[in-house]
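Thanks for coming, everyone. I would like to walk you through one structure this morning, starting with a pair of helices and then widening the view.

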Amino acid sequence: MSKFNFLPNQYKNNNTLKINHSYLIDQFSDYKKTFKRIEKIIKKGDYTLGDEVNTFEKKISKRMGSKYTISVGNGTDALYLALIACGIGHGDEVITTPYTFIATVGSISTVGAKPVFVDIKKDYNIDEKKIEKAITKKTKAIMPVHWAGRPCELKKIKDIAKKYNLKIIQDSCHAIDSRYRNKSIISYGDICTFSLHPLKNLNVWGDGGFILTNKKKIADKLFLIRNHGLINRNKCKIFGFNSRLDTIQAAVANYKLEKKLDNITKKRISNAKYLDKRLKNIKEVETVVRSNNLKEVFHLYHINVKERDRNKLKLFLIKNQVDAKIHYPTPIHLQPAAKYLKYKKGDFPVAEKMANTTISLPVHEFINTKNLDYMIRLIKEFYNKS
């Protein structure tokens, strides 16, 4: 087995604690209901771009308020293909955040464009006030990341994009069901991209993703390039890629969409509010200031503590059976892969500070009030509270 396949050991470790971030076994425990959908696929033989894919695309478009949904192989492909559909490639620049998962920046780099970073605010999202200073003649797009399911300041970003004739490609992989000023986030940009990874709020039994857009020209190109550029079985209009959501995975997504997503969203919001209310009484703990203009869906729930306390608190929580994590300890500009961009430590001080002070607590739909109270009690105990 390749030394780079670290995932099997990670899977074994994920369920060793009583209160986990990973909840895969619980969330798919009713798998037999999905088996009935899959049995129909097997009998029909439509494994690739089948009826369940069409159903999923229609239902997501309706839920998210978009004219078009293009399902793809995974969330990274969604970003990559979105950039290509917007004509972005070698010699272009795309403004984004250094505080994100590797896929955001990796997608920009792999299309041949240059990632240009802008620091974040204390809510983990890109600082829209710093975007204009990063724009050059080579800038073609802004790629904001709705970190943890909290929408960025899209109105201001949209105004900037309009002023400089830039595309907005939103990394929305954490943000299914989120809203900005009571509107769907697709209302504020050219494209939204989503992941269906098993740990996302809406998830499948492997990899999957999808793209939203209201622009026909972009949608038409995406429908082509996700499937080799084929118009039909024998005619290729442009050379494209193979990034199709499997019909079986679409069946899994449809079941979750129809039966589970409403509860998942409501429970995560409820759990986050509960934590917000009780953690604010611990002076050593800082939570994100919430806004009435935003609907956050809490793919992750963060707290910030003193840098000197962070790792000690994390280990204390783990010792007491709570799966505390760090998302993420190293901002992208300090990753080995980003050396060619020639950024250095200190270039993005807020992102670096958040990376050194953040802890993620489990907040998913299988966390109950007893679990929440236990986590709060442990944090108080760590800081000698009674």
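The crossing of H5 and H6 is right-handed, a term used when the near helix is turned clockwise from the far one by less than a right angle. Helices here are DSSP runs of H or I with at least four residues, strands are runs of E with at least two, and both are numbered from the N terminus. This is a predicted model, in which local features need pLDDT of at least 70 and side-chain atom pairs count only at pLDDT 80 or more, while totals for chains, interfaces and linings use all residues. Residues are numbered from 1 along each chain as its sequence is written, and side-chain values use heavy atoms, with hydrogens and water left out.

H5 covers residues 75-85 and H6 residues 102-110, and the two pack at an angle of about 40 degrees with their axes 9 Å apart; the axes are lines fitted to C-alpha atoms over the stretch in contact, and angles run from 0 to 180 degrees between N-to-C directions. On the H5 side, Thr 76, Leu 79, Tyr 80 and Leu 83 meet Ala 103, Thr 104, Ser 107, Ile 108 and Thr 110 of H6, where contact means heavy atoms within 4.5 Å.

Is Val 111 buried or exposed? Val 111 counts as buried because its relative accessibility is 8%, the limits being under 20% relative accessible area for buried, over 50% for exposed and partly exposed in between, with a 1.4 Å probe and protein chains only. Setting aside neighbours within four places in sequence, Val 111 is in contact with Tyr 80, Leu 83, Ile 84, Ile 88, Gly 89 and His 90.

Finally, the whole protein: it has 13 helices and 14 strands, and buried residues make up 54% of its 386 residues. Along its principal axes, the C-alpha trace spans about 70 × 55 × 45 Å. Among contacts between residues at least 6 apart in sequence, 71% join residues at least 24 apart.
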